[in-house]
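Hi everyone, thanks for coming.

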Amino acid sequence: MCRNYKQLLLLGVVFLSSLAVADQELPPLTEPAVYISCISCHGPDGLGSEAIHAPPIAGQRAAYLEAQLLAFRSGERGGHNADIWARQMALMSKPLSDSDISSLAFFLSQQPRWAVPAVKADQTPTGFAVCGSCHGEKPSAAGDLDVPQVWGMPSEYLFRQLIAYRDGIRGHRASEGSPNVMSQIMNSSMTDKMLSEFADYLASGVLSSAAATAATNEKQK
Ligand code: HEC
Ligand code: HEC
């Protein structure tokens, strides 16, 4: 009995030390030295600066961050003359190695994210249902879908991205035969006004008064 107990205890110790080894094999959560080159625009906390058009990146999904940094570096994003803020970011990504990019993406994804707006409106902008199927109909930080978190980002940034997708300026992978999903969703029937309503709603969780009237009319039809 006593002997079995000791054996169990020994097994437990062996198990715990194997866990400790597994822990050590995870990538370190320390800030990669190269993050110093990001601070001037995205801030020490990665929460960005609206004044200089740099979006929050802390707490964003790692796979999305990695894909964007690779896209900036290859010029797939920020390669178009009209995409001025993305061009600036593309320049910043040129010196990054593959391993810089993966450690930045992992580190940033583990940092506290920007605030998600409270759910205030009981309506969504007209035409928003399609967006909700991937990004969520109401403000949320959760969701298991493999899409970027967009709720609570600055409206100006969101609006600029939506226009850029619609106009084929951002991330069009036509050359590889797999166009960006957002460019496929955005089409010329989406007016600037609709996109600005989507951006405001995603940023604040509130419908602008024009969007609220349109949504009410839609409901009554
Ligand atoms: C000179 C300012 C500047 C510096 C320095 C900078 N960025 Fe940016 N970054 C921007 C701007 C502006 C944008 C928005 C681009 C756009 O509107 O398409 C951006 C966008 C991004 C995005 C895309 C976010 C999204 O939601 O799609 C990522 C990721 C990013 N930056 C990471 C970094 C990292 C990592 C570094 C450091 C290696 C860095 N940035 C350095 C200005 C900067
Ligand atoms: C099929 C799923 C899907 C649907 C539907 C969808 N999105 Fe997206 N969205 C994505 C994915 C995936 C990305 C990342 C695309 C990329 O790599 O550029 C994205 C990116 C975005 C971005 C850029 C985020 C950033 O940080 O730069 C915004 C803004 C956005 N979506 C808003 C919308 C709006 C508004 C709608 C409705 C009109 C919509 N999305 C519909 C999947 C979706």
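Before I name any helix, a word on the labels: helices here are DSSP runs of at least four residues, numbered from the N terminus. Please also keep in mind that this is a predicted model.

With that in hand, let's start with the whole chain. The secondary structure comes to 10 helices and zero strands, so written out from the N terminus the elements simply read α-α-α-α-α-α-α-α-α-α. There are 221 residues in the chain, and buried ones make up 28% of them. Take the contacts between residues at least 6 apart in sequence: 65% of those join residues at least 24 apart.

Now let's zoom in on one residue, Ala86. You'll find Ala86 in helix α4, which covers residues 84–93. Is Ala86 buried or exposed? Ala86 counts as buried, because it has 24 C-beta neighbours inside 10 Å, and the cut-off for buried is 20 or more. Which residues does Ala86 contact, leaving aside its neighbours within four places in sequence? They are Arg77, Gly78 and Arg170. If you look at Gly75, which is 11 residues from Ala86 along the chain, the two C-alpha atoms are separated by 9.4 Å.

Staying with α4, let's see how it meets α3. Helix α3 spans residues 62–74, and its axis comes within 8 Å of the α4 axis, crossing at roughly 95 degrees. That makes α3 roughly perpendicular to α4, because angles of 65 to 115 degrees are counted that way. On the α3 side, the residues in this contact are Leu69, Phe72 and Arg73, and they meet Met89, Ala90 and Ser93 of α4. Sorted by type, the contact has four nonpolar residues, one polar and one charged.

His53 sits in the loop between α2 (39–42) and α3. Most residues other than glycine have a negative phi. His53 is not a glycine, yet its phi is positive, at about 65 degrees. With 17 C-beta neighbours inside 10 Å, His53 counts as partly exposed.

In soluble globular proteins, nonpolar side chains tend to be buried together. The largest nonpolar core here has 19 residues, and those touching the most other members are Leu158, Leu162, Phe198, Ala199, Tyr201 and Leu202. Two or more residues come from each of α7, α9 (192–204) and α10 (209–220). Which element gives the most to this core? That would be α9, with six residues. As for Leu162, not counting residues up to four places away in sequence, it touches Met186, Leu195, Phe198 and Ala199. There is also a second, separate core of 14 residues, including Leu69, Ala90, Ala105 and Phe107. You've met Leu69 and Ala90 already, in the contact of α3 with α4.

Last stop: ligand 2. There are 18 residues around ligand 2, and Cys131, Cys134, Val147, Gly171 and Phe198 come nearest. The elements giving two or more residues to this shell are α6 (129–135), α7 (155–166) and α8 (181–185). Of these, α6 gives the most, with five residues. What is the shell made of, by residue type? It has 13 nonpolar residues, five polar and no charged.

Technical notes:
Residues numbered from 1 in each chain as written. Chains lettered and ligands numbered in written order. Predicted model: local features only at pLDDT ≥ 70, side-chain atom pairs only at ≥ 80, totals over all residues. Near = placed C-beta within 6 Å. Nonpolar A, V, L, I, M, F, W, Y, C, P; charged D, E, K, R; others polar. Buried ≥ 20, exposed ≤ 12 C-beta atoms within 10 Å, placed from the backbone. Contact = placed C-beta atoms within 7 Å. Axes fitted to C-alpha atoms, helices over the stretch in contact; angles between N-to-C directions. Parallel < 35°, antiparallel > 145°, perpendicular 65-115°, else oblique. Core = buried A, V, L, I, M, F, W, Y, C linked by C-beta atoms within 7 Å.
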